[in-house]
Amino acid sequence: MAVSEVDDLSVNELAFNEAGLIPCIVQDDATGDVLMMAWMNEESLRRTLEQRTTWFWSRSRGKFWHKGEESGNTQKLVSLSYDCDADCLLARVVPAGPACHTGQRTCFYRSFKLD
């Protein structure tokens, strides 16, 4: 499937922020667990759709980041959705290893204590 055939909203119609980025929530397709949040720009989104594996834009390094390129902890894309305002993405993936750079399965392994 070509990128232009992805649903009735083209990549160019998404609401990227002033820096040309859009947040992408990554969710384990099998468990529903939220694994991480990372930023995509138009090119990393296109790469993700074309290669069916997650690509992001690293704000701190100022370069593309292919998830698992160094660690081997890749994420095979199952589906990619956008929210009602077209300003946030949801990638459902099959992870091969932990999502977090700390080695945790998810980046959301810490919680606030609530009374």
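Me: How many helices and strands are there in the chain, and what pattern does the chain follow along the sequence?
Reply: In this predicted model, the chain holds 1 helix and 6 strands. Its radius of gyration is 14 Å, close to the 13 Å that the globule rule gives for 115 residues, so the chain is as compact as a globular protein of that length. Read along the sequence, the elements follow the pattern β-β-α-β-β-β-β.

Me: What share of the contacts with a separation of 6 or more comes from residues 24 or more positions apart?
Reply: Of the 115 residues in the chain, buried ones make up 35%. For the contacts with a separation of 6 or more, the share from residues 24 or more positions apart is 46%.

Me: Is Ala 86 buried or exposed?
Reply: Ala 86 lies in the loop between β5 (75-82) and β6, and its phi is near 60°, a positive value in a residue other than glycine. Because buried means under 20% relative accessible area, and the value for Ala 86 is 10%, this residue is buried.

Me: Where is Arg 52 placed?
Reply: Arg 52 also has a phi near 60°, positive although the residue is not glycine. With a relative accessible area of 32%, Arg 52 is partly exposed. Its place is in the loop between α1 (42-51) and β3 (55-58).

Me: Which residues make the nonpolar surface patch of about 260 Å²?
Reply: The accessible surface of the chain comes to about 7,100 Å², with 50% belonging to carbon and sulfur atoms. One member of the patch, Phe 108, is placed in the segment after β6 (89-95). The patch is made by Val 34, Met 37 and Phe 108.

Methods
Residues are numbered from 1 along each chain as its sequence is written. This is a predicted model: local features need pLDDT of at least 70, side-chain atom pairs count only at pLDDT 80 or more; totals for chains, interfaces and linings use all residues. Side-chain values use heavy atoms; hydrogens and water are left out. Patches are made of residues with over 30% relative accessible area and no salt bridge: like charges are joined within 9 Å, nonpolar side chains (Val, Leu, Ile, Met, Phe, Trp, Tyr) within 5 Å. Accessible areas come from the Shrake-Rupley method with a 1.4 Å probe; for residues, only the protein chains shown count as cover. A salt bridge is a side-chain nitrogen of Lys or Arg within 4 Å of a carboxyl oxygen of Asp or Glu. Helices (H or I, at least four residues) and strands (E, at least two) are DSSP runs, numbered from the N terminus. The radius of gyration is taken over C-alpha atoms; the globule rule is 2.2 Å times the number of residues to the power 0.38. Buried means under 20% relative accessible area, exposed over 50%, partly exposed in between (1.4 Å probe, protein chains only). Contact means heavy atoms within 4.5 Å.
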